Amino acid sequence: MATPLRRLLFSLALLAAAAAAAGPGAAAARLSTSYYSRSCPRVEQIVSDVVAAKQQANPSTAAGTLRLFFHDCFVSGCDASVLVSPLSSDSSPERSAEINLSLPGDAFDAVARAKTALEAACPGTVSCADILALAARDLVAILGGPRFPVYLGRRDARRSDARDVEGNLPRTNMSARAMSVLFARKGITPQEMVALAGAHTVGFSHCSEFAHRVYGYKTPGGHDPSLNPSFARALQSSCAGYERDPTISIFNDIVTPRDFDELYFKNLPRGLGLLASDAALWEYPPTRVFVERYADNRTAFFTDFAAAMQKLGAVGVKTGRQGVVRRQCDVLD
């Protein structure tokens, strides 16, 4: 690896380490896999049963819940602030921010159903933030991905403000370098960022999120030259009416769209990355090395994804009196 590349990776790792050290480490340290062992011993089974039924009825639930978890944790910490409904608030909560408007209803519904079941079994005990973390883990496993321990004890936020969102979530046209800096501010290293990006092995994206790659280029075919030409032509055809119908969408992984596997990484060097931010991971040397690692080794991807999810789940957590346990996830107490 070239010396400048080593220096850049080292700088980003230092930034991530500094952010992690400056963050609410004491709160995260109070999380435990046995937090509800006495107060709600069946919490994991109840959440698992509810989200499995929801996934069976609505197969888009898993990818949507993963995205919901990420959007929650990266804005004001993993505190269920993204779950607050605009209809239940006098102000504009995070959910009303432009980038969150496409968060799928099935993901919110999965959490709400699990909360209802837990309120019946253990009233006022399990936070919405913990439910979302458990649901994301369980749904990854249902799709064939890794199952890993979830540390519990998060409290729910007392506030949710759309103004907190801008600048805290990556955009689909971001460069890998810009994303690395954003993730490092949350304590996430470039390797962990690439592992988390592997969640794009499931789910879909609306055409408006990648149309700039498909139309208007002054090149043969009129598309981003980094796209596989056949893939680009198929996207041009499939998305032709996206301006009239903004709901038109394409699977993020066109090869195995319903399986949690390493095909997302195998697709990137073939020009089959859907979003510009996906393709950027392959084009940027500091992240390409990890794309190559995960494309060649599913076990390494699963191991690193699980560890990165645990780290993501500790970002900005609130414990004890820092938060509350909401009775309804979409309503602030």
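## A partly exposed isoleucine and its patch

At 39% relative accessibility, Ile254 counts as partly exposed, a class that lies between buried (under 20% relative accessible area) and exposed (over 50%), with a 1.4 Å probe and only protein chains considered. The model is a predicted one, in which local features need pLDDT of at least 70 and side-chain atom pairs count only at pLDDT 80 or more, while totals for chains, interfaces and linings use all residues. Residues are numbered from 1 along each chain as its sequence is written, and side-chain values use heavy atoms, with hydrogens and water left out.

Ile254 sits in the loop that runs between β2 (249–251) and α11 (263–267), where helices (H or I, at least four residues) and strands (E, at least two) are DSSP runs numbered from the N terminus. Together with Phe204, Phe251 and Val255, Ile254 forms a nonpolar surface patch with about 340 Å² of accessible area. Such patches take residues with over 30% relative accessible area and no salt bridge, joining like charges within 9 Å and nonpolar side chains (Val, Leu, Ile, Met, Phe, Trp, Tyr) within 5 Å; a salt bridge is a side-chain nitrogen of Lys or Arg within 4 Å of a carboxyl oxygen of Asp or Glu. The areas come from the Shrake-Rupley method with a 1.4 Å probe.

## Asp161 in its loop

Asp161 belongs to the loop between α6 (128–142) and α7 (176–185), and with a relative accessible area of 13% this residue is buried. Its side chain makes a polar contact of 2.6 Å with the side chain of Arg163, a polar contact being a pair of N or O atoms within 3.5 Å in which, within protein, one must be able to donate a hydrogen and the other to accept it, and residues adjacent in sequence count only if both atoms are side-chain atoms. Leaving aside residues up to four places away in sequence, Asp161 touches Ser92, Pro93 and Glu94, contact meaning heavy atoms within 4.5 Å.

## Disulfides

The structure holds four disulfides, each a pair of cysteine sulfur atoms within 2.5 Å. When the bonded cysteines are numbered in sequence order, the pairing reads 1-4, 2-3, 5-8, 6-7.

Cys40 is joined to Cys122 with an S to S distance of 2.1 Å, and because the torsion about this S-S bond is about 75 degrees, the disulfide is right-handed. Cys40 lies in the loop between α2 (25–29) and α3 (43–57), and Cys122 in the loop between α5 (105–121) and α6, so the pair ties together parts 82 residues apart in sequence. Both Cys40 and Cys122 are buried.

The sulfur atoms of Cys128 and Cys329 are 2.2 Å apart, and the link is left-handed, with -95 degrees about the S-S bond. It connects distant parts of the chain, from Cys128 in helix α6 to Cys329 in the segment after α14 (298–312), 201 residues apart. Cys128 and Cys329 are likewise buried.

In the disulfide of Cys207 and Cys239 the sulfur atoms are 2.1 Å apart, and the torsion of about -70 degrees makes the disulfide left-handed. This pair links Cys207, in the loop between β1 (204–206) and α9 (211–214), with Cys239, in the loop between α10 (229–238) and β2, 32 residues apart. Cys207 is buried at a relative accessible area of 0%, and Cys239 is buried at 1%.

## A covered helix

Helix α12 (residues 276–283) is mostly covered, with six of its eight residues buried, namely Ala276, Ser277, Asp278, Ala279, Ala280 and Leu281. The elements that cover these buried residues include α7, α8 (190–197), α9, α11 and α13 (285–296).
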